[in-house]
Amino acid sequence: MARSYVHEARRRVGPKRDRVRPVIERLALEHPDAVIALRFRDDLQLLVSVLLSAQTTDVTVNRVTEKLFTKYRVPEDYLAVPLEELEQDLKPTGTFRQKAKNLRGAMRLLLEDFDGEIPHRIDELVRLPGVGRKTANVVAAERGATQGIVVDTHVRRLSQRLGFTREDDPAKIERDLQRLVPREDWARFPHLLIWHGRRVCIARRPRCEDCVLADLCPSSRV
Ligand code: SF4
């Protein structure tokens, strides 16, 4: 986009501080079902599901965990079988060797340092093997203890298109969003962007003509 065009587009939609609330309100109406798609019944299942969701779809994770969670109920169960058996149980989720290794490492640390319970603080969660800031933010938010804003590929793309950030690095994007998004919306904001990103603001071909944010978006093509 030419510089003057970007400037003109930003001027047309107004400052991001004025747009963020209407963006959230419209997306909440548009996607009332925007919640996490992973299925889990307790904190351990939540952690395992999020760990397995890297580089695969939530549908695949749910299919695998449906059986997995009947076999592995507590952290000790993941350590009680040979590594190869756990790998086979995770196989359909892809990168299963790494995931099995991380899962076992996470379970070992949970038992050693946290009495087998999932910690609440982000700085404790990220100590678990395979748990980065994004995973930790998802786990914390789903437990009602939101401490940050989840930035995945959809959140990054939509935040950039909406002019909420000029950054590319997820940590810097999260920092920009934390300054902009009202604290009470930190948990639902990423879900709204993720569902809008899947359904309307698609990566390769955004459907701006069908988008409820078109008049608030500097990247709108209509
Ligand atoms: S107007 Fe277009 S680019 Fe902007 S959020 Fe909607 S679909 Fe995405």
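**Cores and pockets of an all-helix model**

Leaving aside its neighbours within four places in sequence, Y78 is in contact (heavy atoms within 4.5 Å) with L44, V48, L68, F69, Y72, L86, L103, R104 and M107. The structure is a predicted model, in which local features need pLDDT of at least 70 and side-chain atom pairs count only at pLDDT 80 or more, while totals for chains, interfaces and linings use all residues. Residues are numbered from 1 along each chain as its sequence is written, and side-chain values use heavy atoms, with hydrogens and water left out.

Y78 and V48 have the most contacts inside the largest nonpolar core, a group of 35 residues. Such a core is a set of buried Ala, Val, Leu, Ile, Met, Phe, Trp, Tyr and Cys residues joined through side-chain atoms within 4.5 Å, where buried means under 20% relative accessible area with a 1.4 Å probe, protein chains only. At least two residues of this core come from each of helix 3, helix 4 (58–71), helix 6 (83–90), helix 7, helix 8 (122–125) and helix 9. A second, separate core has 27 residues, among them V23, A34, I173 and L216.

Now for the chain as a whole. The protein chain has twelve helices and zero strands; these are DSSP runs numbered from the N terminus, with helices (H or I) of at least four residues and strands (E) of at least two. Its C-alpha trace spans about 60 × 30 × 30 Å along the principal axes. Of its 222 residues, 48% count as buried. Among contacts between residues at least 6 apart in sequence, 60% join residues at least 24 apart.

Pockets come next. On a 1 Å grid over the protein atoms alone, a pocket is an open set of points where a 1.4 Å probe fits, with protein on both sides within 12 Å along at least five of seven lines; lining residues have an atom within 4 Å of a point.

Nearest its centre, among 19 lining residues, lie R161, P206, C208, C217 and S219.

How values were computed
Buried < 20%, exposed > 50% of the residue type's maximum accessible area, 1.4 Å probe, protein only.
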